[in-house]
Amino acid sequence: MSLHRFAFRAMAAVNEVQVHAQDRDAAAAMATPAIAEVRRIEAKYSRYRKESIVSRINAQAGGAAVAIDDETARLLDFADTCWRQSGGRFDATSGVLRRAWRFDPGAEAPSQAALDALLPLIGWDRIERTREAVRLPAAGMELDFGGFGKEYAVDRAAWMLREAGAKSALVSLAGDLAILGAQPGGAPWRVGIRHPRMEEVAIATLPASSGAIATSGDYERYIEVGGVRHCHVLDPRTGRSARGFRSVTVHAPSCLVAGSASTIAMLMGREAGLEWLDRLGLAHFCVLEDGAIVDRFEARSLQPAGEHGTA
Amino acid sequence: MAATDGEGGSPRRGGAALAALTQAALALPILAVAAKAGAAQVGEIGIAVLGYKERGLMKVTEPILWANAQFADVWEVQASAAVDIVTGASPELISNQSGRAVQAVTGASINDRRTTGDLHVTRHFGDFGLSGSYTESNEEDYHSRAYGVEGRWDLNQKLTTIAAGYGHSNDRVGSSVDATLDAPRRTNEYMLGVTQILTPLSLVQSTLTASRGHGWYNDPYKLTLTFYPDQVIPTLLSDRRPDHRDTIAWLTRYRRHFTEANGTLQADYRYFRDDWGIRAHTLELAWQQDFGERWSVRPALRYYTQSAADFYAPVIPRPQPAVLSSDQRLGAFGGLSPSLRVTMRLQGGLVLEGTAGYVHDARSLHLGGGGSEAFTTLRAVYGLVSVSHTF
């Protein structure tokens, strides 16, 4: 058994599948369907592709309802759950804010007037949907799977890997990943968490042998104006960037859960976000706005062994 | 699909939130597996060999075999077995023929063999864990059976763990020089401990253990020999200790991980007292430095100091007391013990570990000076090599 790695581009990022297998051919036979599945999901839900279901729904905003399949209906159910559980902070219609925000070097933060003009176009609860069709009620509204599409692709890729017989594998899409079984011999995978302020530097290495790990951070797309960082995680109620965390990493049974938990924590801000994570009971690792670390992964492993013995 | 709860309001409670998110995610054809941090450790098996050598006195080699396994996520079973082989010179006598107490070691050699085994079974019930243990130890002149029960309770999002335990041991002491000796000793032990995670990278653990024992504590091989100036024939007294012993030990451990340095500070302090008059302090400082995934090095330094038991005396006083022992382990002394441990983790869950240490016990190392005059400086080296495999 040896480790084989397959890098591929999809969803505007460099992604990777790693598989333990007897040889390269066996590994490729397992990785290929997983990579194909990621590409399928990208084609189906990318708002950059005209023929995608998301583009068709958005094009019909204010117009006719668009027929959807069962997979899409279930993904929208998941988005609905996120919206409810987050008190409206996680909103799959908040993508319109991108019209005001430019995350390019030298760009300015948008004016309140520009944001106020967009806020009426946000409102998950106004979407009209059934199991078979969905309709955006107002022209200009947008549906965006950005908050859970990639996470879904990670979970699906993990499924495909298992279907192909992988016992020990990892799939990572732009840093959000799922782990299928420990490495041969039982050693955990070591998942590096990117330093939110230094590229290519890991701030922590988390051991994991199963489950999914997702990170939301303020470092992927952002601008700095007058020393204030505005990141792409935007609150649909104000149109402004989330504050309080540099990054939130969550370990959960599925990447959909890990990703939504971390994004919702970012949107809640430091105090409420940490409380949310604690209450969820999922292992998490956070870098706060001031650089302080909240590590609910590592501390348990510090426990001295063989103590508390009787007799 | 209009929502009546949610927007602008406070989010729902966490447990329900996780259930809702998970349920919505699982409605999709995805793979969801329990999120396991760390190694997927379901079992471990290992063997270790310990070698110990006191300068000219004694050599102990101890092959140890251990294994543990988890079943169905709620059961944990640990077992170990060890054989000690003790070779070397037999116990010492004390003489003050020249006017001052001198330790003497007889030339007779001993070759003793001790076998021990223990079994530990734990059942987890959510945040609560209950375990039972059994330990047996046998040698030619000493047999011990002990059992224990222990409960552990995780509180406060597992940031706090409380443990309480009870143990009972039933020992029988015999002697190869006195076939009639077959004396019992019974000990009850009570433990209360708390572990608190202070910050994400540091924790403290404090454990209080009290024991109450009664029975035979005398060392059947130990004799105190005294030449009084006015007597031609030396006076010989066998070891006579109290027939009960109550002890209290308080151990506090602190661990702090330094992310930048990739190392962990380990500081332990233990206070011990018993009703024989012994007061002891142990302080150990260690630094575990990790080099990548594969190597760790852990240098450590331990300091130990104890006061003498009330009935400790290297010579027999006049008039003869009811209890007396010249065993120097009951005297006042101190010790320094540096050690170095190197750990190497190999592919496939194999871990190799080697520890080398030096023990130096001397009366001059007693805290504040004033160690027992008759204490013979002890120097020993030990080494421990182990191989373990997790699966």
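The model is predicted: local features need pLDDT of at least 70, side-chain atom pairs count only at pLDDT 80 or more, and totals for chains, interfaces and linings use all residues. Residues are numbered from 1 along each chain as its sequence is written, while chains are lettered from A and ligands numbered from 1 in the order in which they are written.

**Confidence**

- Two residues are in contact if their C-beta atoms, placed from the backbone, lie within 7 Å.

**Helices of chain A**

- Helices (H or I, at least four residues) and strands (E, at least two) are DSSP runs, numbered from the N terminus.
- A residue is buried if 20 or more other C-beta atoms lie within 10 Å of its own, exposed if 12 or fewer, and partly exposed in between, with C-beta atoms placed from the backbone.
- At 1.5 Å a residue, helix 6 of chain A should span 20 Å, and its end C-alpha atoms are 20 Å apart, which agrees. The expected span is 1.5 Å times one less than the number of residues.
- After helix 6 of chain A comes A:G269, with a positive phi near 90°.
- Helix 3 (residues 70–85) of chain A has 16 residues and should span 22 Å, in agreement with the 22 Å between its end C-alpha atoms.
- Of the 16 residues of helix 3 of chain A, 12 are buried, including A:L75, A:F78 and A:W83. A:G87, whose phi is positive, near 65°, follows helix 3 of chain A.
- A:R56 belongs to helix 2 (residues 53–59) of chain A and is partly exposed, with 13 other C-beta atoms within 10 Å. Its C-alpha atom is separated by 10.0 Å from that of A:Y45, 11 residues apart along the chain.

**Sheet of chain A**

- Three strands of chain A make an open sheet in the order 3-5-4, with antiparallel pairing. Two strands pair if DSSP finds at least two bridges between them.
- Strand 3 (66–67) and strand 4 (128–129) of chain A are the edge strands, each pairing on one side only.
- Strand 4 of chain A is joined by two bridges to strand 5 (residues 133–135) of chain A, where A:R135 stands opposite A:E128.

**Nonpolar cores**

- A nonpolar core is a set of buried Ala, Val, Leu, Ile, Met, Phe, Trp, Tyr and Cys residues joined through C-beta atoms within 7 Å.
- The largest core has 97 residues, of which A:V154, A:L161, A:V171 and A:A261 touch the most other members.
- Leaving aside neighbours within four places in sequence, the contacts of A:V171 include A:V17, A:A34 and A:L177.
- Another core, of 12 residues, lies apart from the largest one, and B:I278 and B:L330 are among its members.

**Chain B**

- Chain B contains one helix and 21 strands.
- Among its 391 residues, 19% count as buried.
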